[in-house]
Amino acid sequence: MAQKSIAVLTSGGDAPGMNAAVRAVVRAGINKGMRVYGVYRGYNGLLNGDVQEMNLRSVSDIIGFGGTMLYTARSEEFATPAGIKKAADFCRSIDVSGVVVIGGDGSFKGARALTNAGINCIGIPGTIDNDIACSEYTVGFDTAMNTALQMVDRIRDTAQSHDRCSIVEVMGRRCGDIALQTGIATGATAILVPEIPYNIERDVIQRIVNTQKTGKKHFIIVVAEGVGKVAELANYIENRLGIETRATILGHVQRGGSPTLRDRVVASEMGFRAVELLEKNLGNRVVAMKDGKIIDLDINEALDMQRVFDEDLYKIAMTISI
Ligand SMILES: Nc1ncnc2c1ncn2[C@@H]1O[C@H](COP(=O)(O)OP(=O)(O)O)[C@@H](O)[C@H]1O
Ligand SMILES: O=P(O)(O)OC[C@H]1O[C@](O)(COP(=O)(O)O)[C@@H](O)[C@@H]1O
Ligand SMILES: [Mg+2]
């Protein structure tokens, strides 16, 4: 029987742990007797023929590195019928029958389109945002949260020294998970997320005033990117309460850095599962986490799911940060 060839690519925003997933795909594939190609710069690599056959040593020493050794991109050309056909034709030209796509929901739509064009694709959730509905965990989330935690702890030191209020915006696109987790872990007086409608007077000002009454003099407010407007909020608090207030947007610092143990382990498990699926000639599936276990499910089912925000955790945060 001819040797099976598969490929692996990273797409959309990078996330710490993507390298660990690439390593797992390459090593598991070779271990199963497959030829494994690394595709550079997301789907663009399939359009430009920018691929390299990997060996066991091609992925040495990358498990602890942030970013992605395969680089990543957002490709407009790929997301067209002509682009998808071109990518599928290129895969056929090098005998690649399956592709592991490590990325977010946009990348999964691309994986579905490529599978429909005849190349089996398996998605692995790789994004710091944790915004993939089908999976309770996405590779990169733990590292990003821990980076945000360290940064907010530092901001708290200076806010405390100056009796100030500090507002910190964290990433997450339309998802408030990084904000919620970071807010709890840093004891934020208020946490604003896009999933929960808020009222500035009730959910920020009143919470600050209540804690002032019990002697608190510095305040951390964590705001999700999907809520934004942190400079306006800082002005509002300063004018309304006379508390000196500073706003910080953490930004891309959250996307970098060495992946945590959790991200390395989950990425390794997910990469291995993706190769097992391709070995069985399955496509159009997404690897995910459910109840702490690695599962896989149909990509259409995955893309149709609606994310559920952890309102119970939000209520706990609001109850104990007083
Ligand atoms: N509906 C779609 N059909 C085909 N390809 C898509 C589709 N949506 C996104 N893609 C491809 O996936 C890439 C990454 O998607 P994007 O939404 O930017 O990031 P992420 O995967 O992190 O959510 C896009 O640049 C595009 O090439
Ligand atoms: O790096 P860019 O293009 O500025 O994009 C920023 C966005 O990417 C993210 O960091 C990660 O999102 P994706 O994984 O979906 O690409 C978001 O939190 C943020 O909104
Ligand atoms: Mg996304």
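**Loops, core and ligand shells**

Author: Let me begin with D61, which is found in the loop between β3 (51-53) and α3 (81-93); helices (H or I, at least four residues) and strands (E, at least two) are DSSP runs, numbered from the N terminus. This is a predicted model, in which local features need pLDDT of at least 70 and side-chain atom pairs count only at pLDDT 80 or more, while totals for chains, interfaces and linings use all residues. Residues are numbered from 1 along each chain as its sequence is written, and chains are lettered from A and ligands numbered from 1 in the order in which they are written.

Reader: Is D61 buried or exposed?

Author: D61 is exposed, because 10 other C-beta atoms lie within 10 Å; a residue is buried if 20 or more other C-beta atoms lie within 10 Å of its own, exposed if 12 or fewer, and partly exposed in between, with C-beta atoms placed from the backbone. Its phi is positive, about 65°, although D61 is not a glycine.

Reader: And what is the phi of N130?

Author: N130, also a residue other than glycine, has a positive phi near 55°. N130 sits in the loop between β5 and α5 (141-162), and it counts as buried because it has 24 C-beta neighbours inside 10 Å. As background, most residues other than glycine have a negative phi.

Reader: Switching topic, how is the chain divided into domains?

Author: There are domain 1 (5-140 + 259-304) and domain 2 (143-255), with bounds that come from an automatic or database domain assignment. Their C-alpha centres lie 35 Å apart, and the contact takes 13 residues from domain 1 and 12 residues from domain 2, where contact means C-beta atoms, placed from the backbone, within 7 Å.

Reader: Which residues touch the most other members of the largest nonpolar core?

Author: A21, V25, V99 and V223 do, in a core of 94 residues; such a core is a set of buried Ala, Val, Leu, Ile, Met, Phe, Trp, Tyr and Cys residues joined through C-beta atoms within 7 Å. Helix α1 (residues 18-31) gives the most to this core, with eight residues, and at least three residues come from each of domain 1 and domain 2.

Reader: How covered is α1, and by what?

Author: Helix α1 is mostly covered, with 12 of its 14 residues buried, and what covers those buried residues includes β1 (5-10), β2 (35-39), β4 (96-103), β5 (120-125) and α9 (261-279).

Reader: Which residues does I102 contact?

Author: Leaving aside neighbours within four places in sequence, I102 is in contact with T10, M18, A21, V22, I124 and G126. I102 lies in strand β4, and I102 and V22 are 80 residues apart in sequence but 8.2 Å apart in space, C-alpha to C-alpha.

Reader: Now the ligands: which residues come nearest to ligand 1?

Author: Of the 17 residues around ligand 1, G12, G104, G106, S107 and G110 come nearest, where a residue is near if its C-beta atom, placed from the backbone, lies within 6 Å of the molecule. Helix α4 (residues 105-116) gives the most to that shell, with six residues.

Reader: And which residues are around ligand 2?

Author: Among them are G12, G13, G104, D129, R173, E225 and R255, and the shell draws at least three residues from each of domain 1 and domain 2.

Key
Two residues are in contact if their C-beta atoms, placed from the backbone, lie within 7 Å.
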